[in-house]
Amino acid sequence: MAGIILEPGSSVKYKTGDWRTFRPVVDPEKCTHCLLCWIFCPDIAIRRGEKVAEIDYNFCKGCGICASECPVKAITMEEE
Amino acid sequence: MPQVLGLTGDEAVAYAAKQSDVDVVAAYPITPQTIMVELFSEYVANGEVHAEFVCVESEHSAMSACVGASLTGARVFTATSSQGLALMHEMLYIASGLRCPIVMGVANRALSAPINIHGDHSDMMGSRDCGWIQIYAENAQEAYDWVIQAFRIAEDPEVRLPVAVNLDGFILSHCMEGATVLDDEAVKRFLPHRKAKYPLDPEKPLTIGALALPDYYYEFKLQQEDAIRKAPEKIRETNREYEEISGRRYGILDLYGMEDAEAAVVCLGSTGGTARAVARALRKEGRKVGIIKPWVYRPFPAREIVKATGNLKALAVMDRACSFGAPYGALCSDVVSILKQQRRDLPVLNYVYGLGGRDTRPSEIRAVFDETLKAADTGIVEEPLRFLEVRE
């Protein structure tokens, strides 16, 4: 009724990665692990990783905010 | 013991909300707000009710807050009017779509431009497809009685829809008249504490308001339609039980003289009172006239209206709002379509009247009856849509 979903947290099952036109690619050589991309990502689709930021392509919609915010230009947007 | 109080329509609604033991009222406190919530805020300040009063910055926020409160399982009331209802428009659909049994008092007033503030039905008619159950009261007594019944109807597990109780701006909202009120205990027994099936609860999280795309949206809308179609049965049940405690009988339609009427007027709200006085006088002159006054406008009382037109030879429908460019006013469009659907061939005259609070006097309603009786004789409708008491 009314579209109520009784199981909490079910949105993890809804993969939004296929909305993407451009994919962010992290250059591990340039990444300083400052994690600004992790803070700015509106879809919580970036994981902190061990040494470099890691993109979760299951949920990244390809908005490009991470690439735009990266202070060392370590993220490039590549066409899918 | 029931007692008679001198109440304006607004005060009657506020008093009913107070007795209904409302948990939350969220409202925008400035114009076009009414005395309904002003008085309720006094009850809160005086500690006469155990309700949370949320003062918000707009009607859009008022209805948003009401939706949130209702989803926690609270009993929620609010009120608005005119531009306020228009600003709420988006959230009205969310309240009904999320099946929130909110009750709202609406003092029906004109919409700008030009700026007006006086009574007509433009505001609610502009939102008539919002999925709310819509009740129209004729006087302060009816407004009081319907608010109490509205909570019962709205919160019924098979209905779970918001209800708007409409009262004509100024004519009812600001005019004082005697109204018999029930005692607090009787209302309390009539309205037990609300039990929501899926309340928002941090211990049992759930998702409300999720996305539903072409694969599911339609089914949820059909559930809503089923619920509002079930409402008349629940409304009748509520009316019967309310009659037992109040002695006042309500229903889907308020009929006068329809057992033998040949010409009748369909109208909503306070005009019903004026029309009844005129009809009574005409019947004394031996003219068979009647009144069909829907208490419930949504869901539309289709079957009831067709049944009521049994002996009629002509019908007039009075619309206190203009549907610009439409063949008829909104009420008349509904009436005509249902008569056509049921193959009831009847001359129908539509009158738009009283826009922006223009007074509708008995002489004008008498003229409507005269023309309707004439159509009953001749079977001819010269002008299907006319505008009453206006300078051309």
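Trainee: How many bridges join strand 2 of chain B to strand 3 of chain B, and which way do the two run?

Mentor: Strand 2 (residues 24-27) and strand 3 of chain B run parallel and are joined by four bridges; strands here are DSSP runs of E of at least two residues, helices are runs of H or I of at least four, and both are numbered from the N terminus. Two strands count as paired if DSSP finds at least two bridges between them. Please keep in mind that this is a predicted model, in which local features need pLDDT of at least 70 and side-chain atom pairs count only at pLDDT 80 or more, while totals for chains, interfaces and linings use all residues. Residues are numbered from 1 along each chain as its sequence is written, and chains are lettered from A and ligands numbered from 1 in the order in which they are written.

Trainee: Which residue stands opposite B:Val25?

Mentor: Opposite B:Val25 you will find B:Phe53, which belongs to strand 3 of chain B.

Trainee: And what sheet are these strands in, in what order?

Mentor: They belong to an open sheet of seven strands in chain B, ordered 3-2-4-5-7-6-12, with mixed pairing. Its edge strands, each pairing on one side only, are strand 3 (52-55) and strand 12 (296-298) of chain B. From one strand to the next the twist averages 20 degrees.

Trainee: Which strands does helix 1 of chain B lie across?

Mentor: Helix 1 of chain B lies across strand 4 (76-81), strand 5 (103-108) and strand 7 of chain B, and it runs at about 155 degrees to strand 7 of chain B. Such angles run from 0 to 180 degrees between N-to-C directions, with axes that are lines fitted to C-alpha atoms, for helices over the stretch in contact. Helix 6 (residues 140-155) of chain B lies across strand 5, strand 6 and strand 7 of chain B, running at about 170 degrees to strand 7 of chain B.

Trainee: At what angle do helix 1 and helix 2 of chain B cross?

Mentor: Helix 1 (residues 9-19) and helix 2 (residues 35-45) of chain B cross at roughly 45 degrees, and their axes come within 8 Å. The two helices of chain B are therefore oblique to each other, a word for what remains once angles under 35 degrees are called roughly parallel, over 145 roughly antiparallel and 65 to 115 roughly perpendicular. Helix 1 of chain B passes helix 2 of chain B in a right-handed crossing, in which the near helix is turned clockwise from the far one by less than a right angle.

Trainee: Which residues make that contact?

Mentor: Helix 1 of chain B contributes B:Asp10, B:Glu11, B:Val13, B:Ala14, B:Ala17 and B:Lys18, and helix 2 of chain B contributes B:Ile35, B:Met36, B:Leu39, B:Phe40 and B:Tyr43. By class, this contact of helix 1 with helix 2 of chain B has eight nonpolar, no polar and three charged residues. Contact requires C-beta atoms, placed from the backbone, to lie within 7 Å; Ala, Val, Leu, Ile, Met, Phe, Trp, Tyr, Cys and Pro count as nonpolar, Asp, Glu, Lys and Arg as charged, and the others, Gly among them, as polar.

Trainee: New topic: what domains is chain B divided into?

Mentor: Chain B is divided into domain 1 (3-246) and domain 2 (253-387), with bounds from an automatic or database domain assignment. The centres of these two domains of chain B, taken over C-alpha atoms, are 28 Å apart. Their contact takes 27 residues from domain 1 and 19 residues from domain 2 of chain B.

Trainee: Which elements give two or more residues to the domain 1 side?

Mentor: They are helix 5 (122-126), strand 6 (133-136), strand 7 (163-168) and helix 8 (217-246) of chain B. Helix 8 of chain B gives the largest share of that side, five residues.

Trainee: What order do the strands have in the six-strand sheet of chain B?

Mentor: That open sheet of chain B has the order 9-11-10-13-14-15, and its pairing is mixed. Strand 9 (253-256) and strand 15 (385-387) of chain B are its edge strands.

Trainee: Last one: how many helices and strands are there in chain A?

Mentor: Chain A has two helices and four strands, which follow the pattern β-α-β-β-α-β along the sequence. Eight residues of chain A are in contact with twelve residues of chain B.

Note on methods:
Contact = placed C-beta atoms within 7 Å.
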